[in-house]
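This briefing concerns the structure shown below. Please keep the sequence and the 3D view at hand while reading.

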Protein chains: 2
Amino acid sequence: MTFSPPSRRPSRPVQVGAVTIGGTAPIVVQSMCSTDTRDVAATSAQIAALAEAGCELVRLAVPDRAAAAALPEILRQSPLPVVADIHFNYRLALAALEAGVHGLRLNPGNIRSADKVRQVARAAQERGVPIRVGVNAGSLPPIETPPDQPPPTVQELRAGLPDRLVEAALGHIRILQDLDFEDIVVSLKAFDVPLTVTANRLLARQVPYPLHLGITEAGLPWAGTIRSAVGLGLLLFEGLGDTIRVSLTGDPVEEVRVAYEVLRALNLRQCGPTLISCPTCGRTEVDLPALARQVEERLQGMQAPITVAVMGCVVNGPGEAREADFGIAAGRGQGAVFRHGQIVRTVPEDELLQALMEEIERG
Amino acid sequence: MTFSPPSRRPSRPVQVGAVTIGGTAPIVVQSMCSTDTRDVAATSAQIAALAEAGCELVRLAVPDRAAAAALPEILRQSPLPVVADIHFNYRLALAALEAGVHGLRLNPGNIRSADKVRQVARAAQERGVPIRVGVNAGSLPPIETPPDQPPPTVQELRAGLPDRLVEAALGHIRILQDLDFEDIVVSLKAFDVPLTVTANRLLARQVPYPLHLGITEAGLPWAGTIRSAVGLGLLLFEGLGDTIRVSLTGDPVEEVRVAYEVLRALNLRQCGPTLISCPTCGRTEVDLPALARQVEERLQGMQAPITVAVMGCVVNGPGEAREADFGIAAGRGQGAVFRHGQIVRTVPEDELLQALMEEIERG
């Protein structure tokens, strides 16, 4: 039994290939390849692995002409819409569009000439390709203090950061709006979670565009997962965010797994079974962690959005097992198997796994 | 540079041994032993490991007289205040108090006799021992529907859950208040994150007591960590929560590590260095994950609350490295080492780790 998810901020949907971001579309899980884009085989293999993990949209860095030249073949092989990540060079943007990418990630303010930005926006518009503008705290423009004024204090700098992030994003957005380009997605990212949350709250009130969420440079998988879960969770629970990217220093497939688990924790998306299992304590009389791991293994690959409770005590166990679709409450050497709220069997400890799986397979 | 943490709900502080929960005290990290409490050696060893990991308060299940009999020796060895977890049996509560535990976790409503509850409350009061009352969604009392009314629908049941959790907790609290017992901590836990958040928000407005937060039965370490980070993060960022316990099916030491990482993500507590590292992409020209892992290893055990950025590109790298206390921005075969916002050295790739560590050690 799950409680209602939060209500979602209305946003103007955009189309990235076959994937819709914003509006009433499910929150899109995306990632970014860590391969060298010029290496078509490695990049295509990573895209395939990401798709297999449930990734719905993939971004590639396009830092030079060789990377742009690899795009047609990558696109031909990709089961996912592809977003080209471009900095500074409008020719690479045009080449990526020409190659058929489904989205651009590009800050028009970084392309100094109005005419060049116009060319990119027009080419994107003709192909129905949206542009994500994004500002990271690490790449904010420096504050220019007039020579007759003291520089801001550290406290003033901190307090001003959310507004500076929002202003920087609005600057890029206005350039596109002035060209009647409205297929925009926006992101404001920082390593600092409260800063990211505050900036996105401010931005969400000022633009109708879908929000791409992420905590940048979140770190190695363990710490980065926790930081991302906290940061994305906060925004998603306020109804903010239309697509998420978890950033981890490691295999991007792990980013996708974490993203889904965050969405699952908020009942926003569920893919496959959810395992509920207790932390065990001095009351536990069976090897519950081993049992829970075995159940998890057996559930892998299942698609049904069922909940399965593996509980090791008589205090909270029967209650949780009853609420779940399927469950075990294990006691001294034996356990009760629950099915849709009813005890259906009581079996010895060493038959619990098998009995539970039989009930689950019966559906 | 960190953004300000959220402001905290005022609460009436209670004392658990030398540890203060609530008021202006730092948010207390606690865990629970998974050992058999009767096994003094195993339990004491686990408490020592928890303390080593930074745990500040430990809870033990006391399901029977043998467990209660083990408490004096466990308490003698424990470097941490100990909370006895008692269900139903008031004699075990009296025995635990007699043994010198620093806190009780006990729902007075589960002890049917008013006189027995009074004995426990008086004994706790005499010793200055607080009581945590706690309600888990899995152990809510059933709804009693009058025979002439239809049973509630699933939707009605869901919508009513937060109120039922709060009502159940208030019921236990009133019993203690009627005995002039006010050293209370409260918890409302569920596996479902939106339910846990909603219930705690409601409760926080109705009582002055510190809140103990947790997401129950969150699962095996990977999924349970994400679910706990999302759930605890949501409440902590609203200023709710005075002590947290992450529940994982596994080693409780991992619960403590996760708890601190959640607090760190919200700038609520920082223990030791924070590593900022980028997810790498097609622009990265060094083996950044390996470098980040090496830096992480070298930072282990350091106490200074510094930030260290390990970045693999010229787009966000220099900005993040400049904001951190120490940092690397690595490019083609070489990298810049940053120290308090300034580039201090540029060295070949294979000397980056050493150069960074030298700067950090210089302080």
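Strand β5 (residues 82-85) of chain A is covered on both faces: A:Val82 and A:Ala84 on one side, and A:Val83 and A:Asp85 on the other, are all buried (buried means under 20% relative accessible area, exposed over 50%, and partly exposed in between, with a 1.4 Å probe and protein chains only). Strands (E, at least two residues) and helices (H or I, at least four) are DSSP runs, numbered from the N terminus. The model is predicted: local features need pLDDT of at least 70 and side-chain atom pairs count only at pLDDT 80 or more, whereas totals for chains, interfaces and linings use all residues. Residues are numbered from 1 along each chain as its sequence is written, chains are lettered from A and ligands numbered from 1 in the order in which they are written, and side-chain values use heavy atoms, with hydrogens and water left out.

**Strand β5(A) and its partners**

- Strand β4 (residues 57-61) of chain A runs parallel to β5(A), and four bridges join the two; strands pair if DSSP finds at least two bridges between them.
- Within β5(A), A:Val83 stands opposite A:Arg59.
- From β4(A) the chain passes through helix α2 (residues 65-77) of chain A to β5(A), in a right-handed β-α-β crossover (with the strands pointing away from the viewer, the path from the first strand over the helix to the second runs clockwise).
- Strand β6 (residues 103-105) of chain A is also parallel to β5(A), with three bridges between them.
- A:Arg105 in β6(A) stands opposite A:Asp85.
- A right-handed β-α-β unit is made by β5(A), helix α3 (residues 90-99) of chain A and β6(A).

**Relation of the two chains**

**Residue B:Arg245**

- B:Arg245 lies in strand β10 (residues 243-245) of chain B and is buried, with a relative accessible area of 3%.
- Leaving aside neighbours within four places in sequence, the contacts of B:Arg245 include A:Pro279, B:Arg59 and B:Glu255 (contact means heavy atoms within 4.5 Å).
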